[in-house]
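Subject: Structure for you to look at

Hello,

Here is the structure I promised to pass on. Please open it first, then read my notes below.

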Amino acid sequence: MFDIVRKEIEWGGRTLAVETGRIARQADGAVLVTYGESSVLCTAVGQHKPKEGIDFFPLTVHYQEKTYAAGKIPGGFFKREGRPTEKEVLTSRLIDRPIRPLFHKSYRNETQVICTTVSHDLENDPDIAALVGASAALTISGIPFLGPIGAARVGYVDGEYVLNPTADQLAESQLDLIVAGTAEGVLMVESEAHELSEEIMLGAVMFGHEGYQPVIDLIISIAELAAKEMRPISETPQEIVDLEAKVRKLGESAIREAYTEKDKLARQVKVSDAKSKIMEQLSEDEQAIASGPLKALEKDVVRRDIINTGSRIDGRDTSTVRPIDCQISVLPRSHGSALFTRGETQGLVVATLGTGQDEQIIDALEGEYRQHFMLHYNFPPYSVGEAGRIGFTGRREIGHGKLAWRALRPLLPAKEDFPYTIRVVSEITESNGSSSMASVCGASLSMMDAGVPLKAPVAGIAMGLIKEDDGYAVLSDILGDEDHLGDMDFKVAGSAAGITSLQMDIKITSITPEIMQIALDQAKDGRIHILDEMAKSIDTSRNELSQHAPRITTMTVPTDKIRDVIGTGGKVIREICEVTGCKVDIDDEGLIKVASSDGEAAQKAIDWITSIVAEPEVGVIYNGKVVKVVDFGAFVNFFGARDGLVHISELKNERVGTVTDVINEGDEVKVKVIGMDDRGKVKLSMRVVDQETGEELEDTRPPREPREGGDDDRPRRPRRPRRED
């Protein structure tokens, strides 16, 4: 029934196993990849006929995590997996980026890759296994995929690179970097780092490239036994070749002239007009297939001009950054805001401070945890002059937001030092290249404006590459057209001290370490320049929070008092919040956070909590209220919920006949704590306190002489006679 092929290797201290032939046999390619005890089922299916009338490659990649993989049942009402989580979206993009450039350029069939995590050992993240599995499934599928690729995660612990660090090792690592590529070179890098140098980052990329070579060999060995025949690849029809030559002759000069326009929208109009004039000179049959040749001409004109002259679309040289303008506090009611503009790319970025109740609760396979820093990126259609659809957050928006999040997180203050939940929203209001890096710059400015004590300002820059057989050019601060028509999108973010995030996507088969080194060095110069421009508006965090931001005061109570603060069913803490208007959070360790923009309200809540958990001190005078009168004295509420007894003998120095001759229920009094009895009950005195001023009075009453058989003057009851008497 099964024709199983299985290969395994020792990789990074664990076993990597790849198996095919047992599961999902109707897919074009299917493998089960197991690393440690994390397993991912990866499938690849390509339609056998191309879609009609499309000039792009319709590839979709889906990574999905099943909760049963970690022995869990989904939360919520429906009890089944629903819309993709952020982790699933990001991993889907992670797989898509290195495999997309490796399909044959003439292949236009709809293709789908699905990677499903079916087992998770909570030690090895399934994303690497999914990348390996997607590569293996495509390699054996018969789809014209020019792989395989390998992938690896790289950590940096105690000055040493670590291949595929475990979850525990990653917690101690200064670097979390994923690299993927072919045997010849790197195609994709995704990373978060703690201000590491360019040399360390490049070393990590090359360490990962070398580290995944055994994986490529493993996939090849599987393919030698299980791969299907490669589907026939159609060469470019002669009519397309002839049409490309005709289009170039008719419109090369007009396209080149259109690209001399510096303004983006005006340039788009001129390019569109030039294409329309070319189309008018073609027959109906030629017009039906002219989309590809027109795009090829446009691409060649832009790329050749940059290679030959070093001059770019907007007139800059290869290393110049566009003009920058930074403004802060642009919104009157926000906690922190910034408007960052770089050329024709602009982001309105807003920072909001909240409390522990505002933290995001994430239910991941690894377990539930809370996130106190969020960065959300929005890309409305008006930012590129279009009237588009507004819908759910797209994959691109999630990916760009996470990239900016990674760039800023290493420089955030410790939660213990700055106990706020931070949400940053980047609204891209104009876009012409590198809006994610504009979000990094704007987020850094807005958080400093909000008073978030960042360890250092952060900036980001996007690098590009034009590579031809006769040369190449590395471009700083790329435009949208340079990204679209170029060979690389290389984003680098960090502080003046080092890199905090690096993301690289290559559209050609690979690039050399030499090109990567040039790009990193050029990016560093650009990043320092942008940081200098940002410093003209604000170079360090404000000392004071916005008047509209909540002030959080922390205090710690003994763990055995937590129950008293919360009260039965949360009654006490709810009352504190309702009466004072504050937000009050308390954790299992007794750490309490009181948040309010009103200082007096916050102090009232703190005093209230203090009165609940503190113990009265002997010798201290308190204000109190009589809550009950009895024959032998009065009970006084003097310390939060604590009551004490003022014995009738402690009401005045002189003899008191009846308690109500001195005080009555509801009276406000001043009392001194004079001791505790054996049962922990508090004994109070009014006679040694001036009831007008609250000052302590000298105790002039002489001590009582003890009587025989006792030390007090209370009358004794006569002894009851015994029965036998």
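A residue counts as buried under 20% relative accessible area, as exposed over 50%, and as partly exposed in between. Keep those cut-offs at hand. Also note that this is a predicted model.

Start with E172. This residue sits in helix α3, which covers residues 167-172. Its relative accessibility is 60%, so E172 counts as exposed. E172 also belongs to a negative surface patch.

Now the whole chain. It has 16 helices and 29 strands. The radius of gyration is 36 Å, while the globule rule gives 27 Å for 725 residues, so the chain is more spread out than a compact globule. Along the principal axes, the C-alpha atoms fill a box of roughly 130 × 65 × 45 Å. Of the 725 residues, 50% are buried.

Next, some backbone details. Most residues other than glycine have a negative phi, and most peptide bonds are trans.

- A24 has a positive phi, near 55°. A24 is in the loop between β2 (14-20) and β3 (29-35). With 31% relative accessibility, A24 is partly exposed.
- L122 is not a glycine, yet its phi is positive, about 65°. The loop between β6 (111-119) and α2 holds L122. L122 is partly exposed, at 42%.
- The peptide bond from G147 to P148 is cis, and its omega is near 5°. P148 lies in the loop between α2 (126-140) and β7 (150-157).

Best wishes

Technical notes
Residues are numbered from 1 along each chain as its sequence is written. This is a predicted model: local features need pLDDT of at least 70, side-chain atom pairs count only at pLDDT 80 or more; totals for chains, interfaces and linings use all residues. Side-chain values use heavy atoms; hydrogens and water are left out. Patches are made of residues with over 30% relative accessible area and no salt bridge: like charges are joined within 9 Å, nonpolar side chains (Val, Leu, Ile, Met, Phe, Trp, Tyr) within 5 Å. Accessible areas come from the Shrake-Rupley method with a 1.4 Å probe; for residues, only the protein chains shown count as cover. A salt bridge is a side-chain nitrogen of Lys or Arg within 4 Å of a carboxyl oxygen of Asp or Glu. Lys and Arg count as positive and Asp and Glu as negative; His and the chain ends are not counted. The place of a charge is taken as NZ of Lys, CZ of Arg, CG of Asp or CD of Glu. Helices (H or I, at least four residues) and strands (E, at least two) are DSSP runs, numbered from the N terminus. Buried means under 20% relative accessible area, exposed over 50%, partly exposed in between (1.4 Å probe, protein chains only). The radius of gyration is taken over C-alpha atoms; the globule rule is 2.2 Å times the number of residues to the power 0.38.
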